[in-house]
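Here are my notes on the model you sent over. Have the sequence and the 3D view open while you read, and check each point as you go.

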Amino acid sequence: MCMPALALSLKGIMKQMSGNTSSGKALLSDFNAATAKAVLKRYAADARSAGSVATGKGAAQTRDLVERFDKMATTADAAAQGTLDEAAYRKAFLSIAADCKSCHSAYK
Ligand code: HEC
């Protein structure tokens, strides 16, 4: 059987973000720069996908959701550039985790 290549729903992308957050959390106690970069790149890619499918109630909410996902992608991308040490990773991860929380308290 051949399944069509459907774009993930926001819910599906959120599940991926949640899995990526488990990997990201583990790095806080057992840091590895290569894995940390992969986690950040994954956040950036997932945030971009989420921004392309997210819709709120009306244009203003949709714009706000897209902006929030953009911000998350920018934070993740910026931190994934160049040398990534543990302190820089921790800062980016905590900022991204705060983005999850603040968007969920507004929209989830
Ligand atoms: C810009 C807004 C926004 C950001 C940022 C965001 N989320 Fe979400 N999240 C949502 C919304 C809206 C839903 C509800 C989606 C639905 O039920 O269709 C949701 C749902 C979820 C769910 C439940 C999925 C399910 O199966 O019902 C999980 C888990 C989740 N998010 C994890 C995360 C994690 C982890 C992060 C950060 C790395 C994050 N989200 C960042 C808006 C956001």
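**Notes on the model**

1. Let's begin inside a helix: Thr 21 is part of α1. Helices here are DSSP runs of H or I with at least four residues, and strands are runs of E with at least two, numbered from the N terminus. With 18% relative accessibility, Thr 21 counts as buried. Buried means under 20% relative accessible area, exposed means over 50%, and partly exposed is in between (1.4 Å probe, protein chains only). Leaving out residues up to four places away in sequence, Thr 21 touches Tyr 43 and Phe 93. A contact means heavy atoms within 4.5 Å.

2. Some ground rules before going further. This is a predicted model, in which local features need pLDDT of at least 70 and side-chain atom pairs count only at pLDDT 80 or more, while totals for chains, interfaces and linings use all residues. Residues are numbered from 1 along each chain as its sequence is written, and side-chain values use heavy atoms, with hydrogens and water left out.

3. Now for the rest of α1. Its 20 residues should span 28 Å at 1.5 Å a residue, and the end C-alpha atoms are 30 Å apart, which agrees. The expected span is 1.5 Å times one less than the number of residues in the helix. Besides Thr 21, the buried residues of α1 include Gly 12, Ile 13, Met 17 and Asn 20. What do the buried residues of α1 pack against? They pack against α2, α3 and α4.

4. Gln 16 also lies in α1, but at 29% relative accessibility Gln 16 counts as partly exposed. Gln 16 touches Leu 8, Arg 42 and Asp 46, again not counting residues up to four places away in sequence. Look at Arg 42 in particular: Gln 16 and Arg 42 are 26 residues apart along the chain, and their C-alpha atoms are separated by 9.0 Å.

5. Met 14 sits in helix α1 (residues 10-29) and His 104 in helix α4 (residues 86-107), so the pair ties together parts that are 90 residues apart in sequence. Met 14 is partly exposed at 22% relative accessibility, and His 104 is partly exposed at 32%.

6. Follow α4 along its length. It has 22 residues and reaches 31 Å from its first C-alpha to its last, close to the 32 Å expected. Tyr 89, Ala 92, Phe 93, Ile 96, Asp 99 and Cys 103 are buried in α4. They cover an arc of only 110 degrees around the axis, which puts them on the same side of α4; the arc is that of the directions from the helix axis to the C-beta atoms. An α-helix has 3.6 residues a turn, so residues three or four places apart point the same way. The face turned away from the buried side of α4 carries the exposed residues Ala 87, Lys 91, Lys 101 and Ser 105. The buried residues of α4 pack against α1, α2 (33-53) and α3 (59-80).

7. Last, the rings. The structure holds two aromatic pairs. One of them is Phe 31 with Tyr 89, a tilted pair at 5.9 Å centre to centre with 45 degrees between the planes. Phe 31 lies in the loop between α1 and α2 and Tyr 89 in α4, so the pair ties together parts that are 58 residues apart in sequence. Rings of Phe, Tyr and Trp (its six-membered ring) pair if their centres lie within 6.5 Å, with planes under 30 degrees apart counting as stacked, over 60 as edge-to-face and the rest as tilted. Ring pairs link Phe 31, Tyr 89 and Phe 93 into a cluster.
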